[in-house]
Amino acid sequence: MDLIATVFEIIDMRSFSNLWYWIALAVLWSSTSHWVMGVPYDMLPRARREGGQAQADVEELARIYSSRLLAVVRAAGLWIVALGCFWMSVLGVLSFYYDVEFAQAVFFLVAPMTIVIWLSLRCARLIEAGENSGEALYRRLSIHRRFLQVLGMVSIFITSLFGMWQNLSNSILN
């Protein structure tokens with residue numbers, strides 16, 4: 001038997017009918033909404049309650065992540081946007097013009113992440129502009145997390161609708 005055929009049998013390139021795809025989607029959005037600007041969400045309520053070292057840790061993590069993100073964007077932002085647009089275009093054409101299901105699955109994972117990156121950049125700029133300590137930082141991180149959670153819910157809903165439609169249209173009964 002051909003090695004490539006064996007690999008494709010094991011991986012199952014029909015992504016929307018694969019349990020691993022849905023597990024990956026859940027893990028992606030779970031980790032995205034848990035790690036808000038490099039700060040694990042469980043640290044925010046503790047820092048609000050206790051203050052002191054917990055608050056200093058949250059402020060430092062948010063400062064490090066936001067300054068790192070902004071430094072990357074300032075150094076290579078144009079190239080990142082250009083390459084991102086190119087690859088999103090490639091995925092879009094493969095997905096919806098050539099109807100490649102694997103590309104569709106990757107598109108539904110990656111496309112919302114571009115919005116997450118934009119929201120994170122916006123949040124990093126606000127943190128750098130002065131919302132970098134105390135209650136202002138907690139509020140900014142909480143608002144950012146809510147946006148990510150809503151985006152995740154909408155993304156999972158749209159992906160599941162498209163996946164069900166794809167599975168029904170590619171059914172063995174047709």
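These legends describe close-up views of a predicted model.

**View 1. The largest nonpolar core of the predicted model.**
This core has 18 residues. Those with the most contacts inside it are M37, V39, V58, I127, L137 and L141. Four helices each supply at least two of its residues: α3 (43-50), α4 (52-96), α5 (101-128) and α6 (134-169). Of these, α4 gives the most, with five residues.

**View 2. L141 and its contacts.**
Leaving aside residues up to four places away in sequence, L141 touches V36, M37, V39, L44, V58 and I127. Three of these partners, M37, V58 and I127, are also listed with L141 among the residues with the most contacts inside the largest nonpolar core.

L151 is placed in helix α6. With a relative accessibility of 15%, L151 counts as buried, because buried means under 20%. L151 touches W29, P112, I115, V116 and L119, again not counting residues up to four places away in sequence. The C-alpha atoms of L151 and R140 are eleven residues apart along the chain and are separated by 17 Å.

**View 3. R145, a buried residue without a salt bridge.**
R145 belongs to helix α6. This residue is buried, yet it has no salt bridge. The nearest side chain of opposite charge is that of D42, which is 8.8 Å away. Not counting residues up to four places away in sequence, R145 touches S33, V36 and Y41.

**View 4. The salt bridge between R48 and E135.**
The whole structure has four salt bridges. In one of them, R48 pairs with E135, and their closest N and O atoms are 3.2 Å apart. R48 lies in helix α3 and E135 in helix α6, so the pair ties together parts that are 87 residues apart in sequence. R48 is partly exposed, with a relative accessible area of 40%.

**View 5. The salt bridge between R74 and E128.**
R74 forms a salt bridge with E128, with 2.7 Å between the closest N and O atoms. This pair links distant parts of the chain, as R74 is in helix α4 and E128 is in helix α5, 54 residues apart. The two partners fall into separate accessibility classes: R74 counts as exposed at 57% relative accessibility, and E128 counts as partly exposed at 46%. The classes follow from the cut-offs, because exposed means over 50% and partly exposed lies between that value and 20%.

**View 6. The salt bridge between E131 and R140.**
The side chains of E131 and R140 meet in a salt bridge, at 2.6 Å from N to O. E131 is partly exposed, with a relative accessible area of 23%. R140 has a relative accessible area of 10% and is buried.

**View 7. The largest pocket.**
The space in the largest pocket is about 410 Å³. Its lining consists of 16 residues. Those nearest the centre of the pocket are I80, V81, G84, T114 and I117. The elements that give two or more residues to this lining are α4 and α5. Helix α4 gives the most, with eleven residues.

Most residues other than glycine have a negative phi. M37 is not a glycine, but its phi is positive, at about 55°. M37 is found in the loop between β1 (35-36) and β2 (39-40). At 2% relative accessibility, M37 counts as buried. D99 also has a positive phi, near 60°, and is a residue other than glycine. D99 lies in the loop between α4 and α5.

**View 8. P45 and Y138.**
P45 is part of helix α3. At 32% relative accessibility, P45 counts as partly exposed. The C-alpha atoms of P45 and Y138 are separated by 8.7 Å, although the two residues are 93 residues apart along the chain.

Terms used
Residues are numbered from 1 along each chain as its sequence is written. This is a predicted model: local features need pLDDT of at least 70, side-chain atom pairs count only at pLDDT 80 or more; totals for chains, interfaces and linings use all residues. Side-chain values use heavy atoms; hydrogens and water are left out. A nonpolar core is a set of buried Ala, Val, Leu, Ile, Met, Phe, Trp, Tyr and Cys residues joined through side-chain atoms within 4.5 Å. Buried means under 20% relative accessible area, exposed over 50%, partly exposed in between (1.4 Å probe, protein chains only). Contact means heavy atoms within 4.5 Å. Lys and Arg count as positive and Asp and Glu as negative; His and the chain ends are not counted. On a 1 Å grid over the protein atoms alone, a cavity is a set of points where a 1.4 Å probe fits but cannot get out, and a pocket is an open set with protein on both sides within 12 Å along at least five of seven lines; lining residues have an atom within 4 Å of a point. Grid points are joined across faces, edges and corners, and a volume is the space filled by probe spheres set on the points.
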